[in-house]
Amino acid sequence: MSETPVDADEVRHVADLARIDLDDEEVDQFAGQFADILSYFDALDDVPEVDPEADLVNVMRADEVRDGLTQEEALKNAPATEDGYFEGPSVS
Amino acid sequence: MSHDAFITEETIPGADEGPLAGRTVAVKDNISTEGVRTTCGSEMLADYVPPYDATVVERLKSAGATLVGKTNMDEFGMGTTTETSAFGPTTNPVDGDRVPGGSSGGSAAAVAAGEADAALGSDTGGSVRCPAAFCGVVGIKPTYGLVSRYGLVAYANSLEQIGPLAPTVEEAAEVLEVIAGPDDRDATTHEEGADAEYADAADGDVQGLSIGVPTELIEGADERVVDRFHETLDDLEAQGAETHEVSLPSVERAVQAYYVIAMSEASSNLARFDGVRYGPDTDAEGNWNESFAAVREEGFGDEVKRRILLGTYALSAGYHDKYYAKAQDARAWVKQDFDEALSEADVLASPTMPVLPFELGESLDDPLQMYLADANTVPVNLANLPAISVPAGRADGLPVGLQLIGPAFGERTIIRAASAVESSA
């Protein structure tokens, strides 16, 4: 068993953080599966600390104006638009 | 017979001339095609029509290829069987009761069934190599940074690469040659692939080639797969290659590290699907958070929700050090192990998949079992290395794939070695 057993409340909390509604059946199903999967992930506890070789570099390009999507193209897939803008739900 | 390899069948002509003129290519449905819907196998994007082409699609068209459609896939690339698609499963052309592997199962099935001369897939933890192995075709996962990801709908961007599938090593290499090379729209692409020539490396010459065999990637595999693997190695030795065992102790933690990293990146990448710029139009009432959550409940399937939630959990306060930070340590360890093994061998060889193709439905109810099947492919993505899966005969009538792993930008070496496997099969 994982040191961090996952119960239904915890699944609901994470789903809330991730902005996904779940029905009760999904909550129960995921709680069971997450216990197994997270206990399998516990094997990472014995991984030694390793210094990763830094082979990353910043890639910069000149800040020049380029062609982008037209307003029409950008809005094309939106379920709802108004006056050339995306229409979203109210924020509060 | 239909294998449901395609989500959308549509002919998109390419240039009149070019290295791929006269060839048909199928494209995985998470790679953007201007004016042709790109669903990622998800209800969330069921009606999404990109206003632009992915760089790889532009390159295929310029090379003369005719695109023949968008292929079925596990939803957002999350799966090992192509059963999690919102548009239903693809079946394996070799045996219709079995899965084609995933997540690029539609691409592999289209090639295996002769419905396309070649195909593009994407490989985050084995998604090109697994279906290539299960369907008996060739699949290449390029070095990270060789192929542009511009226009690929992101799932786990530090791991994924677009790669070709084709009936033969040479044909897969021809497609790779067209799509490889730097792209100023993807800052992770590399100059090293600028003047790549791959097809002429498929000359079957393995005289003097040194092949390391990681013991950890053989242990626990199905005996029938292991038998085919060893017979193929014997053939390569007969052609002048030398084999020796190598040890990669870190790979015992690679599956855990892979899933923690991939799920964490997925939880962030898939946050863009909020139903405002694209996505299903729901009747959800309420404020932005409530409506966002309702769209995602409706638009995402189980496996996608599972990975977003686990990724959110792994990144959340209190668990970041336990899961995400440790997974990054494991990734560095895997990289170090491969560097060491490849300092004493030209390529490493293993079975691509430790199992024969699953029967349809077999793995759906037990996600952990499905994740374990990726043990031989995910270490390669963690280490950013190139690998190829090449058919190595059949066991009980089902295809077995052999995986060859090379050093970074060592595509020519793995292509050469794979072409020797092909000539002995």
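The model is a predicted one, in which local features need pLDDT of at least 70 and side-chain atom pairs count only at pLDDT 80 or more, whereas totals for chains, interfaces and linings use all residues. Residues are numbered from 1 along each chain as its sequence is written, chains are lettered from A in the order in which they are written, and side-chain values use heavy atoms, with hydrogens and water left out.

T8(B) lies in strand β1 (residues 6-12) of chain B, strands being DSSP runs of E of at least two residues and helices runs of H or I of at least four, numbered from the N terminus. T8(B) counts as buried, with a relative accessibility of 12%, the limit being under 20% relative accessible area with a 1.4 Å probe and protein chains only.

Between the chains, 60 residues of chain B are in contact (heavy atoms within 4.5 Å) with 52 residues of chain A. Five salt bridges (a side-chain nitrogen of Lys or Arg within 4 Å of a carboxyl oxygen of Asp or Glu) are found across this interface, and K322(B) and D42(A) meet through their side chains in a salt bridge at 3.0 Å, N to O. On the side of chain B that touches chain A, the elements giving two or more residues are α6, α7 (288-299), α8, α9 and α10 of chain B, and α9(B) gives the most, with 11 residues.

Conventions: Buried < 20%, exposed > 50% of the residue type's maximum accessible area, 1.4 Å probe, protein only.
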